[in-house]
Amino acid sequence: MSEKKFASQADLVEKKTSFVKLSDNAYAYTAEGDPNSGVIIGDDSVMVIDTTATPVMAQPLIDHIRSVTDLPIKYVVMSHYHAVRVLGASAYVKEGAEQVIASRGTYELIVERGEQDMKSEIERFPRLFAGVESVPGLTWPTMVFDSEMTIFMGKLEVKLMHIGMGHTKGDTIAWIPSQKICFSGDLVEFGAAAYTGDAQLEEWPQTLETLRAMGPEKLVPGRGPALLTPAEVNEGIDYTKDFVTTLLAGAREAVAAGHTLKEAMASVRCLMDPKFGQVFIYEHCLPFDVTRAYDEASGIKHPRIWTAERDQEMWHSLQA
Ligand SMILES: [Zn+2]
């Protein structure tokens with residue numbers, strides 16, 4: 001009998017990328033459900049939000065930036081610590097980037113679990129790490145903020161904000177107040193599963209409501225197309241909220257009933273599959289998502305660290 005591989009390891013189809021203009025200052029680099037990046041162009045410099053997974057993969061984004069501006073890429077922002085978002089950073093540093101910026105929570109997670117996360121993510125989803133040999137190691141921030149910081153890129157004001165926990169405890173959004181444009185990282189997803197293996201599921205819905213109350217008119221989610229109207233932004237927030245609340249409610253029910261993780265997987269599927277069964281990377285995410293939701297429902301507040309070994313163990317126990 002052959003062992004069932006991670007759903008993602010059989011996922012080999014390259015995605016088409018798009019560089020979408022949101023305003024004179026803001027662009028979305030999206031990839032049909034693969035991880036997105038964002039670009040902010042100020043009067044004197046450029047900011048990249050999420051670097052792509054490797055320096056090799058960063059190059060096409062740098063080429064897009066060069067097609068619209070010659071200004072220096074000065075700032076790299078990490079929406080959170082996940083390898084697939086941040087390991088391309090050295091490509092921008094080579095281009096002259098001066099600051100790599102993260103929240104305190106993100107910095108703490110890199111210290112605590114960056115190495116394990118890098119190894120685990122690369123083994124889970126090889127397609128997302130094209131040119132992985134070009135990664136020089138972990139990406140370390142050069143600048144860390146507690147709750148928010150403001151950067152003036154010439155006259156353009158940009159806020160980097162940790163508005164609450166969700167996808168991770170360090171989630172950071174980039175916000176252009178004058179244009180109400182938001183780059184949310186994986187705090188918001190659209191048309192793709194939310195990966196919640198390192199999430200704070202209980203807090204996530206409230207953080208989404210805090211974001212909604214800011215009144216974003218355009219939003220670049222972590223995965224999926226750029227959301228270009230207030231109605232689309234609300235739809236993306238609602239979608240993400242439904243995903244995480246359905247997941248946690250299912251896990252809480254299972255834990256209250258004394259069910260095992262494997263039984264919880266089956267009962268959560270009954271709630272999730274009808275709504276989300278068809279979305280991108282659902283089968284990849286669900287075992288990790290249910291495992292974290294089951295832990296959180298069992299009182300484990302701080303997500304356990306995923307290692308390449310724990311990934312395999314979990315996957316085989318749920319598929320067996
Ligand atoms: Zn992530």
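## Sheet and cysteines in a predicted model

Seven strands form an open sheet in the order β1-β2-β3-β4-β5-β6-β7, with mixed pairing. Strands (E, at least two residues) and helices (H or I, at least four) are DSSP runs numbered from the N terminus, and two strands pair if DSSP finds at least two bridges between them.

This is a predicted model, in which local features need pLDDT of at least 70, side-chain atom pairs count only at pLDDT 80 or more, and totals for chains, interfaces and linings use all residues. Residues are numbered from 1 along each chain as its sequence is written, and side-chain values use heavy atoms, with hydrogens and water left out.

β1 pairs with β2 (residues 26-31) in the antiparallel sense over five bridges. In one of these strands, β2, A26 is the bridge partner of S23. Helix α4 (residues 104-124) packs on the sheet and touches β6 (99-103) and β7; contact means heavy atoms within 4.5 Å. The direction of α4 makes about 95° with that of β6. Axes are lines fitted to C-alpha atoms, for helices over the stretch in contact, and angles between N-to-C directions run from 0 to 180 degrees.

The disulfide count is zero, a disulfide being a pair of cysteine sulfur atoms within 2.5 Å. For C270, the nearest cysteine sulfur is that of C285, 19 Å away.

| Residue | Relative accessibility | Class |
|---|---|---|
| C182 | 0% | buried |
| C270 | 59% | exposed |

Definitions and conventions
Buried < 20%, exposed > 50% of the residue type's maximum accessible area, 1.4 Å probe, protein only.
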